[in-house]
Amino acid sequence: MTRKRAVSGRKTITKSWISWPWLLKLATVLLVLGAVAMVYLDAQIRHRFEGHRWSLPAKVYARPLELFTGQQLAHGQLNYELKQLGYRWVNQVKAPGQVQKTAAGIAIYSRGFRFADGDQSSRLAQVNIINGKVQALRQLNDQPIAVLRLEPQLVGGIYPAHNEDRELIQLDDLPNGFIETLLAVEDRQYYQHYGVSPWGIARAMWANLQAGAIVQGGSTLTQQLVKNFYLTDRQSLWRKLVEAPMALLLNLHYSKDEVLEVYLNEVFVGQAGKRAIHGFGLASRFYFGQPVSELRLHQVALLVGLVKGASYYNPQRHPKRAKLRRNLVLSILAQQGFISESQKQQYQALPLDLSTAQQVSRYPAYLDVVRQQLQQHYPASALSSHGLRIFTSLDPWIQQQSDLAMRGQVKQLQQQHEGLESLQGALVVSQRDSGELLALVGDKDGGYAGHNWALDKTRQVGSLVKPVVHLSALESGRYHLMSAVDDGPIAVPQADGSVWKPQNYDLTSHGVVPMYQALVKSYNQANVRLGIDVGVKRVVAQLQRLGAEGNIPAYPSVLLGAVEMSPLNVNQVYQTIAGNGFYSPLTLVRQVTEANGVLLSHFPYAVRQAASNESVYLLQQEMRKVATAGTARGVYRYLPKQQQVAAKTGTTNDQRDSWFSGFSGQYVATTWLGREDAKPTPLTGASGALKVWGELMKNLAYTPYQDIKPQSVDYYYLNPKTGKAMPSRCADGVWLPIQKQLAPVTTKQCGY
Amino acid sequence: MNVSNELAAVPRLPMLAVVMLISACAGPGYGPIVQDLSVTARASERLSPSGQASTAVVQPASAALPKLQPQAPAVTITAQPQTSQIEAANVVKVQPVQQIKPVATISPSPVTAVVLPASDQRVVEQLLAEADQLKAQGKVTQSVIQLQRAQRIAPREPKVYARLAALQLSLGEASRAEQLALKGLTLVPQQNNYQYYFWKLIAASRSHLGDVSGESAAISEAAKYK
């Protein structure tokens, strides 16, 4: 560089009238200044190149799909998951990321992945599937495979303010032909020049002169990297000046491969909203939904073509333009002899092959909670810059079905009823025993416009509280499912001297009813009487043990659900009931690891008993009856008869809120619908929220409901009028489990 | 200034050199584009990414979701020694302020001798075997992760609860072990071997917790199934 300046200096002299001694002094000063500048630039280069190169957003992953013998998949689920993961259907699987239809199912060549518990290697598996059920998993040599864990879907990131996103790759990750293509187009002399290429500049100038316009740039890859990596994007004097010397220095300090690797990760290749797509690793995921190692030459050509102008050649927005550019790149490859003329034509005839999978950031409500939870444990800077890997329990299939169910049903309800323009909704789905949150819908559109209705908003829960009243009664040891409860009119004196007179929904009293009937038919008067007898305080305490949050004052009106909860919190309470009375906190983050896989955090499964197994079992049987014969029986318009579920509807005063919560063998789900302004709606729990719930459950994999009867209860065939156990030949009896300690009187005659 | 006087008369390139120098000395106004967030770790704080240290890295955070007040201490981020490897350059060392409780020495569980029936799901047996292997390698946390993986696949398989509870007890998490065993009990009302196993494990957990009456109650329950 110094020499270069000296040369330029001499040119100046010839025109100048400044005397020789002056010039000598000047040259010395400049030499010193230049040297100082070089030292400074050198420090800059080394600092950035060897330090923490990029702020990497944390990556958020969904749960990986695990395939094993006996597993039931929902209709269409496997294809959806494979598509989201960017698997390619081929006639003969040969490489990771490929799938093939076979006579008995499919062959999947999984990609390897580094999980929090260790590396999962890539493997080829034959999967036999009949009616959505995995019959067998085998390797090619017929050895059975116990479980095939696919890599998890990347569902989002936690972005820093400037929203630069990238996925780091190394030279080894690139497919054959990538480097050749990149260098052929951008810098043919890369491995020969010293960071700057006078020959390249000359060639570019010649080409530009010939064309009469700028058709080629003379910048080397090294210079391009310097420009993007060290210098601001502005065209400034300073930048022009230091670009070349910095490129020379970079070239001096680091190997060609090292510089190229950084270039591959730095280059700007697209914009998605606020998110800037940097590096070919992320570009490959972004445009093709595949890791870069799996790209074929026509895809490589497209990515390399994007370097010239990522927005101008944006293949999503300007597919024709992008294809022309891609084909030009392929022509250059042919010109330079990398591919034959016929190969060129083959590749040019291929479509762009862009990913058809839905892009990331489709899970705003879920990711919102992930972010909130992580912020308790990690500083914001760590989340947005250190490339942490966050493994969540998000189930992409269930999330997709939840969004669809919510959107479809809300739309239908809005068409059927007047005044539901501002109808909002929330849906929470968790796994029954683990307590992991699988899906979260925080808005009627599945979008997210500021409020997460599943989380931020609390509403009165209405009759959803009744199972807790029943649980408290059963826990008292004084009640069984056939206990007589009076559904007559009731007046409850309040603390302020007033009298509360709750009424039934149908404004009718039903006399003395068996306890289970009070829940099945959701009778208000009987349930209030039951709760008063057990004690409001006990009911509230039970509700809190099940997981209800916040301060709940023990007013009698709580017995009918005058307690505000978020859908998420309601789901927590029902989760505990579904989990045999064991509370386990709803979680979404499974593990956090560093970028290189080192485990940082892990959230261990923990439970806490919140009610006796016996009482919870009895309550679950009551709730099963609610679904088969009570207010929730509408679910069987969606579900097959043999699918057992336990559930409860909820409707609040003037039908402001429509609730539904319940569980199947594997899932616990809670739905809420209501107007944004909390004004009355035409919807009850059964005519609103139930529909979303039913539509969702219909589309999830069917798993049997495993009922495990405790030894302390027995089943009896009971006369609902007398509560006595009678012979099974008698008509109009009901099979119910009763605690052994409260065994009913047995009669040999029917009707008594 | 001498230099500028001289330069006033000199056109173009030398002028640029000065601009260059002045800009170069300007300091904070100009610098690398991306903020460098790393700080150097004190040697004593550095965590080894492998081996037995892996348990120490793990933060035993309770993940109760709806509670939004901070529960676990924040973590400090420290940087690894600089290297030009791309992968390594971005490695972050996260150091929990509070270390996990040292593994309590609980004498070999009295119930490990009980042979539990094999699960009828091949995948469960495989994952349990992997969990055992990890534990034998000292990777206790990874072992727990494998067990939880098995639990998700077979959420009502009592053997998974038995292993989870036993592992928690061996880690000194007696209360957690007791509760897991209690849940396990609800899955096996008819299976004497499991009833015995879980009650023995509950007794051992309660003993560890100092719950004497609870322990003897559990022991007499276990006796019913021997």
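This is a predicted model: local features need pLDDT of at least 70, side-chain atom pairs count only at pLDDT 80 or more; totals for chains, interfaces and linings use all residues.
On the side of H10(A), the contact is made by A:His298, A:Ala301, A:Leu302, A:Val304 and A:Gly305, while H11(A) contributes A:Ala322, A:Arg325, A:Arg326, A:Val329 and A:Leu330.

Chain A contains 22 helices and 32 strands, and its radius of gyration is 34 Å, well over the 27 Å that the globule rule gives for 752 residues, so chain A is more spread out than a compact globule. Along the principal axes, the C-alpha trace of chain A spans about 125 × 65 × 45 Å. Of the 752 residues in this chain, 50% count as buried. If one takes the contacts in chain A with a separation of 6 or more, 69% of them are accounted for by residues 24 or more positions apart.

The domain assignment divides chain A into domain 1 (2–45), domain 2 (59–156), domain 3 (165–349), domain 4 (400–698) and domain 5 (713–742). Where domain 1 of chain A meets domain 3 of chain A, the contact takes five residues from domain 1 and seven residues from domain 3. The side of domain 1 that touches domain 3 is made up of three nonpolar residues, one polar residue and one charged residue.

A:Ser522 lies in the loop between helix H17 (515–520) and helix H18 (524–534) of chain A, and its phi is near 55°, a positive value in a residue other than glycine. Is A:Ser522 buried or exposed? With 25 other C-beta atoms within 10 Å, A:Ser522 is buried, because 20 or more such atoms are needed for that class.

A:Ala678 likewise has a positive phi, near 60°, in a residue other than glycine, and this alanine is placed in the loop between strand S30 (667–675) and helix H22 (689–698) of chain A. A:Ala678 has 16 C-beta neighbours inside 10 Å and therefore counts as partly exposed.

A:Asp732 belongs to the loop between strand S31 (713–718) and strand S32 (734–739) of chain A, and A:Asp732 is exposed, since 10 other C-beta atoms lie within 10 Å. The C-alpha atoms of A:Asp732 and A:Thr576 are separated by 33 Å, and these two residues stand 156 residues apart along the chain.

Finally, we turn to chain B. The secondary structure of chain B comes to ten helices and two strands, and from the N terminus on its elements run α-α-α-β-α-β-α-α-α-α-α-α. Of the 226 residues of chain B, 39% count as buried. Among the contacts in chain B between residues at least 6 apart in sequence, 54% join residues at least 24 apart.

How values were computed. Residues are numbered from 1 along each chain as its sequence is written. Chains are lettered from A and ligands numbered from 1 in the order in which they are written. Two residues are in contact if their C-beta atoms, placed from the backbone, lie within 7 Å. Helices (H or I, at least four residues) and strands (E, at least two) are DSSP runs, numbered from the N terminus. Domain bounds come from an automatic or database domain assignment. Ala, Val, Leu, Ile, Met, Phe, Trp, Tyr, Cys and Pro count as nonpolar, Asp, Glu, Lys and Arg as charged, and the others, Gly among them, as polar. The radius of gyration is taken over C-alpha atoms; the globule rule is 2.2 Å times the number of residues to the power 0.38. A residue is buried if 20 or more other C-beta atoms lie within 10 Å of its own, exposed if 12 or fewer, and partly exposed in between; C-beta atoms are placed from the backbone.
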